[in-house]
Amino acid sequence: MNGKVMVVTSGKGGVGKTTAVANIGCALAARGKKVALVDADIGLRNLDIVLGLENRIVFDLIHAMEGRCRLRQALIRDKRVQTLFLLPAAQSKDKDAIMPEQMKELTGELADEFDYVILDCPAGIERGFKNAVVGADSALIITTPEVSAVRDADRIVGLLEAEGILEPKLVINRLRPDMVKRGDMLDIDDVIDILAIDLVGVVPDDETVITSTNRGEPAVLDGASRAGEAFRRIAARIEGEDVPFLSMEAPGFWWRVKRFLGAGR
Amino acid sequence: MVFEFMSRILGRKNRLGSKDLAKERLKLVLAHDRVSISPQMLERLRRDLASACAKYVDIDEAGMNIRFDSSDRSLALIASVPVIGSKQSTHTSKKRRGKSG
């Protein structure tokens, strides 16, 4: 098998990279794909707790890399979606504990076994970024409609280009339709116009992302979550499907009814 | 005055949303980020441009303004050089602004 290796990155921290990795990975796995999520944020392990797998870690990425365990021993299988696996970051080491060549070898090894290898890139543009990007053949850039996040995203486009990763895809996270309507938030067209890269999805600002993270269950597993629906559509587009964009209007009457009935759970 | 009053009565329709400001500021800062030119280099460029223009026309160097603009990931250097008069016909009173992209 020769899987896709995709890095999820943003430059700026706190825009929702880890949440995006968890949700897109989970959605792809729910579609029957074999997915490995790699937490490349060495020293600041987080993907495990977002996925609700924090109590099942025995070995981590560094153990596997140093040969202290086999790679498959370090991979944690998700119990809800059987084809989803997590390779957790080491918590005790720092970002300099790995070299780009080692990371490239590791992602290559994973790509032999999985359809998708998705790397959660640390914030910043230093060593950790280099490590996360080196083995990737495509990139997903996450931004929010804020000046600081968009500026950093632009910088990342250039840096990815320098690393040979062309045509990154854009995810706009935490869009607030009410603020867009008032003219107080950059809209989808503004962000695309500024960054000039292809859009793969727009995720509305949605409380269910926080509540689902509290529970350790990605929002894509909640059929009534709007953010979850947006992430499911992103997964479909990554798979090459032509899916319409989610309406960014405020939730309508039928939506609230569906939500109330807890449909799709 | 009247216009301002009217637009205040008619609500905030005419108010420029903060996102327009955000977009303008972003575009400007990104254009400079993308060229990654140092302020020193930019100053040298400004001076060279001024002396090149001054060979042909009288310019107001203090009123010069140069900046970068970007659209679709391509960059343009926008220079605004106030022309006081031409070298040949020396009428100096009129101040014109020349724009070159």
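## Strand 6 of chain A

A:Val7 has A:Ala139 as its bridge partner in strand 6 of chain A. The model is predicted, and in it local features need pLDDT of at least 70, side-chain atom pairs count only at pLDDT 80 or more, and totals for chains, interfaces and linings use all residues. Strand 6 covers residues 138-143 of chain A; strands (E, at least two residues) and helices (H or I, at least four) are DSSP runs numbered from the N terminus.

Strand 1 (residues 4-9) of chain A pairs with strand 6 of chain A in the parallel sense, over four bridges; pairing requires that DSSP finds at least two bridges between two strands. Strand 6 of chain A also runs parallel to strand 7 (residues 169-175) of chain A, joined by four bridges. There, A:Ile142 is partnered by A:Val171.

## Burial and crossover

Strand 6 of chain A is largely enclosed by the rest of the structure, because five of its six residues are buried (under 20% relative accessible area; exposed is over 50%, partly exposed in between; 1.4 Å probe, protein chains only).

Together with helix 7 (residues 147-162) and strand 7 of chain A, strand 6 of chain A makes a right-handed β-α-β unit. Right-handed means that, with the strands pointing away from the viewer, the path from the first strand over the helix to the second runs clockwise.

## B:Ala54

B:Ala54 lies in helix 3 (residues 39-54) of chain B. B:Ala54 counts as partly exposed because its relative accessibility is 29%.

Apart from neighbours within four places in sequence, B:Ala54 contacts B:Ile59 and B:Lys87, contact meaning heavy atoms within 4.5 Å. The C-alpha atoms of B:Ala54 and B:Ser86 are 9.4 Å apart, with the two residues 32 residues apart along the chain.

## Conventions

Residues are numbered from 1 along each chain as its sequence is written, chains are lettered from A and ligands numbered from 1 in the order in which they are written, and side-chain values use heavy atoms, leaving out hydrogens and water.
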